[in-house]
Amino acid sequence: AFEQVVEVRDTGIGIPESKLDDIFVAFEQVDMSATRKFEGTGLGLSIVKSMVEAHGGSIGVTSSTLDHDHGSCFSVVLPVHKCQSPKGDESTAQILDEAAQADGSANRSPFNLGRCRAGGK
């Protein structure tokens, strides 16, 4: 089975390690104080996690609050399954790759995407 990894990085203030698990819980936020700088309901990441898991995937986060290296990295891993073409003898991935190569756009094929993970793996 293949996986597609989507990674989103930011250079924001970071998330304290003690709060990393909480951010995926509905209505939870890193800063719950009435004087917080950033608004929101605390639903976004909970919804994303539910959708990703419904498709058999997973989501994770690494983050740093250090002055010289702050920000967060969210990684979504989704399974990629082979699909049979109407012909029944080639996978959809093969058909799309062949079509992309035929018009010279092999690098734009959705099955020729690079993989990355937090930590450079």
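1. The chain contains two helices and three strands, which follow one another along the sequence in the pattern β-α-β-β-α; helices (H or I, at least four residues) and strands (E, at least two) are DSSP runs, numbered from the N terminus. This is a predicted model, in which local features need pLDDT of at least 70 and side-chain atom pairs count only at pLDDT 80 or more, while totals for chains, interfaces and linings use all residues. Residues are numbered from 1 along each chain as its sequence is written, and side-chain values use heavy atoms, with hydrogens and water left out.

2. The three strands form an open sheet in the order β1-β3-β2, with antiparallel pairing, where two strands pair if DSSP finds at least two bridges between them. β1 (2–9) and β2 are the edge strands, each of them pairing on one side only.

3. β2 and β3 are joined in the antiparallel sense over nine bridges, and L66 has D69, in β3, as its bridge partner.

4. Leaving aside residues up to four places away in sequence, V76 touches Q4, V5, V6, V52, S58 and I59, a contact being heavy atoms within 4.5 Å.

5. Of the 121 residues of the chain, 24% count as buried.

Terms used: Buried < 20%, exposed > 50% of the residue type's maximum accessible area, 1.4 Å probe, protein only.
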